[in-house]
Amino acid sequence: MKTMNRFFEMLILCLTLGAVVAEGSSVTDVAIRQRWPWSRLVDIEYVLDNGDPDATANILLRAYDGTTAHPLNIPADSLSGDLYQVKQGFRRIVWDPTKTAYTNEPLVSFRVDLTPTPQPLYMIVDLTKEAGSSNQVEYVYEETLASGAYGAVQTNPVPGVNSVIWTGVTNNPVYATDKLVLRRVQAGTFPMGSPVSELGRTATSEDLHTVTLTKDYYIGVFEVTQQQLNHITNHWPSSFKNTDYRAARPVENIKFTDIRGSSIGTNWPSSHAVDPDSYIGKLRTRTGFSGFDLPTEAQWEYACRAGTDTALYTGENLTNTASDARLDAVGRYQYNGGKIPPSWTTPDQYCVPTNGTALVGSYLPNAWGLYDMLGNVQESCLDRFATSLGTGAVTDPEGLGTSTSRTARGGTWGSGAGSSRSASRAGQDPAVSSWIRGFRLIWMQP
Amino acid sequence: MRETKMAAVLVALATTLAGSQALGALSASVLVDATTCRYRHWSTAYTNTVPLRWDWIQDATHAKLDIVGMNGTFTTNFAAGVSNCLWHAFDTAATSEEDVYDLTLTVYSDGETVLETLTARLAVVAGAGGGAAVNAVAESAAWSKVRKNVVIPYDAAWDPAATNALSATLAIEKVGGLSQTNAFTDAAGYYGWKLVHANWGYGTFNLSLTFPEALEPLTATLTRPIEGTMVRVQ
């Protein structure tokens with residue numbers, strides 16, 4: 001029986017680890033060498049051939065001690081170098097074995113298996129597992145999605161935007177509670193702000209200007225939920241705390257300084273470091289992914305618009321700034337359940353998700369498969385708030401603000417339709433929490 | 001005397017093989033390394049069979065190939081007309097015995113005049129066979145001990161400040177004894193430190209690796225203990 005169990009464990013491992021190989025790419029001449037006697041770092045050198053000098057591939061690394069029967073846990077942040085979007089040629093990955101659990105006994109026969117893969121469309125991080133443990137991270141490729149292996153998929157949900165999105169992500173609550181699902185957003189250029197003609201526009205803070213983002217990133221499909229926060233901090237800070245529903249409701253009542261910390265976590269953009277005891281600090285440690293952070297305001301709006309330039313990410317504009325039927329299907333706001341009876345002062349502990357915050361993923365996603373970008377909770381961003389962002393074209397903007405105030409985006413469960421537009425902006429005191437404000441994560445490839 | 005890297009000869013061989021197709025056909029793609037000092041790839045043997053190829057120049061009648069490693073040397077003579085040889089750098093598919101070889105092909109005329117010398121350095125490292133020992137144990141005594149000949153890597157790419165380095169210097173100093181400075185004409189490669197049957201003896205050795213423009217040299221202290229069991233008689 002033990003043998004059978006072991007067999008099935010290995011089978012599951014193999015199936016999970018099965019990666020889609022990047023078409024036309026191959027890895028050869030893999031050489032591993034610890035930098036003895038200079039340091040403990042290990043150089044993993046390889047030759048990548050993509051068949052096209054401009055093509056890129058990601059490199060999936062699996063490590064073993066001896067045979068493949070002894071896989072090693074390699075936390076993502078113990079690896080650096082040529083892992084993501086790698087062009088062909090002689091390449092090097094650097095592994096720091098001191099950032100692993102293998103510091104008690106030497107590894108006698110460390111081996112690696114390098115597989116070139118396309119860029120995953122989604123990544124799924126299991127928050128219940130330690131960094132580097134088997135099945136902690138799952139990469140989902142477009143062709144795997146298309147095969148139906150992950151459930152429902154929708155193509156081109158928004159007219160005029162070519163895309164494939166995973167709608168089946170809403171069918172399994174584990175993706176909103178125990179796991180984090182992030183979707184790749186490709187670098188690009190978009191119109192940030194709103195045109196003068198847009199209904200609900202705030203003229204002083206929504207200057208229309210062209211923004212170019214030069215780096216791909218992954219962004220949370222959902223707002224961070226209360227369970228996802230609890231897995232990392234063991235804390236339930238939110239106001240909408242009905243225990244029957246809280247797990248998949250977005251976390252709110254959390255300060256910017258709780259998310260990134262009140263010390264080094266406030267230094268962005270001069271540093272990406274966060275306080276170790278902040279949510280993101282603990283998340284980075286737990287998952288081994290040091291690229292987790294809040295989005296910049298531009299990254300947030302680019303992801304929210306998902307190829308549209310209208311007030312809503314459905315490709316539509318509002319006709320009413322209070323109650324608008326076009327927003328009803330897109331996100332939780334005051335007029336489709338947001339209002340809490342009988343008062344606005346504090347939610348009853350029995351408040352169900354038909355009022356106040358909705359369970360994440362309850363409304364239509366945008367063209368890139370992101371849910372609740374409009375409504376539900378307002379989402380904290382990295383940038384210091386500046387009223388005007390100007391009209392000049394910018395690249396990878398980091399905000400113009402100089403005060404301590406930070407930006408928050410996306411409208412809330414308590415807002416009217418006019419505040420739940422892609423271009424709506426707000427400032428927030430980073431040291432003050434609110435039951436209308438939560439956040440969404442991004443992950444930047446190193 | 002013209003000196004040419006044998007690496008270039010290997011490229012020529014690969015290119016020749018890849019190009020031997022029908023007229024007008026597109027050759028198979030071959031990776032060509034045009035960088036001068038950045039990669040250890042050129043100095044690493046990935047299989048135990050290393051194809052060597054050369055062209056004969058005018059008036060050459062014979063040649064001698066010397067392969068000198070820490071653990072052994074080999075010499076092979078060739079008559080004009082033979083322009084390639086397959087060198088078995090190690091016995092099995094993978095090796096745990098590391099070595100660094102200097103390859104020298106000396107081409108002679110009928111009167112034993114040296115017409116040309118081709119040189120290359122090739123390292124046999126265990127990790128090129130797919131597996132390598134990794135020691136991340138902080139207080140590991142094994143980390144700083146050397147007992148036999150060892151291969152020491154150097155690579156300017158380890159230090160961002162040395163990105164443009166084209167050379168490296170490895171200094172070895174025995175505490176209270178010999179010292180040696182090795183100046184490398186490249187910035188990435190392997191050095192074979194011959195300890196066995198050399199004059200280094202036993203003791204403590206301070207190593208220092210320097211790249212131009214690097215902020216700090218890399219340093220290491222190694223100990224070569226006396227072999228055998230010490231018995232104390234009172």
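Chain B contains 1 helix and 14 strands, where helices (H or I, at least four residues) and strands (E, at least two) are DSSP runs numbered from the N terminus. The model is predicted, so that local features need pLDDT of at least 70 and side-chain atom pairs count only at pLDDT 80 or more, whereas totals for chains, interfaces and linings use all residues. Residues are numbered from 1 along each chain as its sequence is written, chains are lettered from A and ligands numbered from 1 in the order in which they are written, and side-chain values use heavy atoms, with hydrogens and water left out.

Of the 234 residues in chain B, 41% are buried (under 20% relative accessible area; exposed is over 50%, partly exposed in between; 1.4 Å probe, protein chains only). Among the contacts in chain B (heavy atoms within 4.5 Å) with a separation of 6 or more, 67% are between residues 24 or more positions apart. The accessible surface of chain B (Shrake-Rupley method, 1.4 Å probe; for residues, only the protein chains shown count as cover) is about 12700 Å², and carbon and sulfur atoms account for 55% of this area.

In chain A, strand β11 (residues 179–185) is largely enclosed by the rest of the structure, because 7 of its 7 residues are buried. In a regular strand, side chains alternate between the two faces of the sheet. On one side of β11(A), A:Lys179, A:Val181, A:Arg183 and A:Val185 are buried, and on the other A:Leu180, A:Leu182 and A:Arg184 are buried.

Strand pairing requires at least two DSSP bridges. Strand β7 (residues 122–126) of chain A runs antiparallel to β11(A) and is joined to it by 5 bridges, with A:Tyr122 opposite A:Arg183. Strand β14 (residues 217–220) of chain A also pairs with β11(A) in the antiparallel sense, over 4 bridges; here A:Arg184 stands opposite A:Tyr218.
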